[in-house]
Structure formats: C-alpha cells, structure tokens
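Me: I'm new to reading protein models. Could you walk me through one, feature by feature?

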Amino acid sequence: MIRAAVKLAAAFALPLVLGGCVSASEYAAKNAGFSSIEAKTAEAAGKQTVWVQNQQQARVVSDRVKTLMAKKTVDVETAVQVALLNNKGLQAAYADLGDSAADAWQSTMLVNPTVSLGVTGIGAPGLEAFRSVEGMIANNILALATRDRNIAIADTEFRRAQLNAALRTLQLASDTRRAWINAVAAWETVAQLNQAQAAADAASELAQELGKSGALTKEGQAREHVFYAELAGQSAKARLEARLAKEELTRLMGLWGSGIDYQVPNRLPSLPKGLMKRDLIEAEALQRRVDLQVAKLGLDATAKSYKLTEATRYVTDLELLAGFETEREKEEGEVETETTGQAELEFVIPIFDSGRARMRKAELAYMRSANLLAEKAVNVRSEARSAYQAYRANYDIARHYRNSVVPLRTKIEEESLLTYNAMITNTFELLADSREKVNAKLLAVNAKRDFWLAEANLAPAIYGGGASAAAGETEVAAAAESGGGGH
C-alpha cells in the first residue's frame, strides 16, 4: 500500500516538475550572453575578447598572447588586445555574468513540492485490525502565482549583468590605452632630459675650463654646475616615473615572468593632420553608452519589483496542501480499502502587516532609480561635450608648441650660439637659452601626451568605460539592491 501511495505522489508531482522546464537554453548555455559583449567590444574598441572556461581555451589564448608579444616593442593596439585576452580580473567579471545566467535559469524552475507519507495502525503485532496510510503534497501558491514576474525580473538582471560585463571590458580597454600613452610619454620625457643633460654636462665642463682661465667667476661656474645637478635629479625622477608607468601597463595586460621583458616606443606618435568631426557626439553617447543602458535596465528591474510587491502586499505566505488518505480495514479475513483525496489551503493572515511599508519602500526605490537615470543622462551628455572640447583644445595646444614655441626656442638658441661664437653674447645668455629650449621641449611632450589622452577618452565618452564608469555602476547597483526587497 505504501508503494501505491508513492506512485500516487509521483503522479501528482510530475506535472509540477515538468512545468519548470521552460525554454531556458540561453541561460543554460556555457557562453550565456557573451556574444553581445563580443559585439560591443568589437564596435567600440575594434578588438576581440574571449571568455576562457577550460584548459584548451586557456592554451589557445596563451599562444595568441605569446604571438602578440613576440614583437619586443609593443604598440598601443597590441597592448589593448593583450589586455582583453589576458587580464584575469576581466575573466572574473565574465564569471559573474555566468553566475547571473545561472540565477536567471534557476528562476525558470518551479518550487519543489513537499511530499509526506505516514502510516498509523491499531492492534497488536501479528493481529492487525486496522491500518491507514496518509500522504500529503504541499506547494507554495505564492511562488507559482508570481513565477512569471520573478522570471522577468531575473531576465532583466541577466541583461544588466551582460551590460556590466561589457562596461568592464570597455573600461579595461580604455585604461590600457591611457596607460600605454602615459608610459610612452614618460620615456619620451626621459629621452629629452637625457639630451638636455648631455648638453648641460658639456656646459658644466666649459664653465670649469672658463673658470680656470679666469673668464668665468666662481658664481657663474656654480650656476652651471647646479643646472647639471638639477637635470640629473629630474632625469632620475623621470626614469622612475617611466618604469612605474610601464608597470601599470604590465598589470593591465596581465603579464608576468618572461612576459614583462618588452619595450614601448620612446616617443608618442606625431599629431594627426586633422581632427575627427563629432558634431553629434551627444546623440551618439545617449544612444550607445553602456552605463546609460545599465541604468535603464536598473529602472526596469525596480519597476518590475514594484509591481511584484504591489501584487503580493496582502499575502506573506500561501501554501496549497494536496494529498490522499488510505484506510484499510480487516474483518473476518476480508480486507476493505478506501482512498480519499484531500486539499487544504494555508496562509498567514496579514493582521499586523498590511504591506503598506513595503509598498512605500518600493515606491521610493523606483523614484531613486528614475532620478539616477535622469542624472546619468545629463552626465552622459556633459561628458561627451567635455571629451570633444578637450580633444579639440589639446590638439590646438600641442600643435602650438610643435609649430611655434619649440621652433622659436630652437631659433633663439641657434642665434645665441652664433653671437656667442662672434663674442657678442656671453656664456650666461647662451646657457640660459639652452635651458629655455629644454623646458619648451618638455612642455611640448606633455602637450602631445594630453592630446593623445584626450583622443583616447573619446571612445569611453561615446560607449562608456571611462574614469566615472565604476562610480556610476556602484550607484546603479545600490539602487537596484534597495528596490529588490519586500515581495
């Protein structure tokens, strides 16, 4: 009889189990949602990213990184590609995407029913007079009633996880590009200071010889010696900054061991002949910014959570209990069996909790998300305008130093040398002109660096992943967490 009861319980539970088999192939796939990240990365950065999930994929990626790093001098495009392939923090972000897909997959499953069986009897052992078998299957009606809405919320969270992973990818690409620019600019500064130091060394020796002949006072000699000493200190500091800048680039590319034995160019590329026109950069940013799309999904998730709270505000727990009871009676050698079905509905009566507090929290969470989205839209337009203004202005400044300041300083030094040879200009004036030329070249290097950094900031301003991405993502996440409670 117990075996029959188990069969009956299985028959009752089977529709519930099969009901959970919703089409969840997208969530269950190993690369759930990763194709959208690949497409966004290719569009914004022009590079490929991969999600490494097994040893074979890891070996393929490792071989490709080794091939890219075979050239000892790494250009900016190679650096960005290596970072997208080799950065372990990025792989961790992709694992978070898989975790979100698993949560969405889990939301498509029905709550497992609870099955209970019991046997009662009256009579001494061996002298059976009466026995009954009772069974019960319980399931949560609230979970069944809100299942579609919970699936919709989980799907929204999954799509938001996709965008967050894409945002993390774009941020790594832009950080790597900026790190490469800073490293190359630092080494270019070192090269300029080395040249200046060589000239200062020659001037210091000249001052010493002039001092021996009495043509230069001790004060003049000291002035040239200290200029050389100061340049030596500046050069040492510049070399340290260049090494640290390269280390930052190495970290972003995820390199270690023999992989760190690479070089970057010792000077930045020349300024382009013209500027890119971005007359509609604000519209592009509003359409393509990934962090703005994340904020929109955050508002959508909060709205769905609000509706779920509204639908369940009067019910805190609700269970359907369905089962059967079997009685068997034995009299004068004859056995009579009777099985009857049972159904019970149990719920917590909301006498003390009317759900108004939860509704108020849900309303406030929605308003918070709506205001954060509005603020994000304002900031996105402003950031886009600022990025383009910085791009244009830094180009003009760098071109001004290249075309005007440095040539004029070079001309002054050349003329000063001619007049010095003609014994018209004294030594102090010649050396002062040399110092000013060194300063002009260093300012020109900094101006060129600022332009390329501004150029690198255009893509994050349009697609996302800039310096403010992490802060914006944290705000949206906080708003979503505050809006998800109280179903």
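**Starting from one residue**

Me: Okay, let's pick Y262. Which residues does Y262 touch, leaving out those up to four places away in sequence?

Reply: First, keep in mind that this is a predicted model. Setting aside residues up to four places away in sequence, Y262 touches M69, K72 and V74, and also K246, L249, T250, M253 and L255.

Me: And how do I read a nonpolar core?

Reply: The general idea: in soluble globular proteins, nonpolar side chains tend to be buried together. Here the largest nonpolar core has 72 residues, and Y262 is among those with the most contacts inside it, along with W180, L249 and M253. Helix 8, residues 147-213, gives the most to this core, with 15 residues. There's also a second, separate core of 10 residues, which includes V190, A196, F227 and L442.

Me: How much of the protein chain counts as buried?

Reply: Of its 487 residues, 41%.

Me: Now helices. How do the axes of helix 4 and helix 5 cross?

Reply: Look at the angle between the two axes. For helix 4 (residues 55-68) and helix 5 (residues 76-86), the axes come within 10 Å and cross at roughly 165°. Angles over 145 degrees count as roughly antiparallel, so helix 4 is roughly antiparallel to helix 5. Their crossing is left-handed.

Me: Which residues make the contact between them?

Reply: On helix 4, V61, R64, V65 and L68; on helix 5, T78, Q81, V82, L85 and N86.

Me: Last one: how many helices and strands does the protein chain have?

Reply: You'll find 15 helices and four strands.

Notes
Residues numbered from 1 in each chain as written. Predicted model: local features only at pLDDT ≥ 70, side-chain atom pairs only at ≥ 80, totals over all residues. Heavy atoms only, no water. Helix = DSSP H or I, 4+ residues; strand = E, 2+ residues; numbered from the N terminus. Buried < 20%, exposed > 50% of the residue type's maximum accessible area, 1.4 Å probe, protein only. Core = buried A, V, L, I, M, F, W, Y, C linked by side-chain atoms within 4.5 Å. Contact = heavy atoms within 4.5 Å. Axes fitted to C-alpha atoms, helices over the stretch in contact; angles between N-to-C directions. Parallel < 35°, antiparallel > 145°, perpendicular 65-115°, else oblique. Left-handed = near helix turned anticlockwise from the far one by under 90°.
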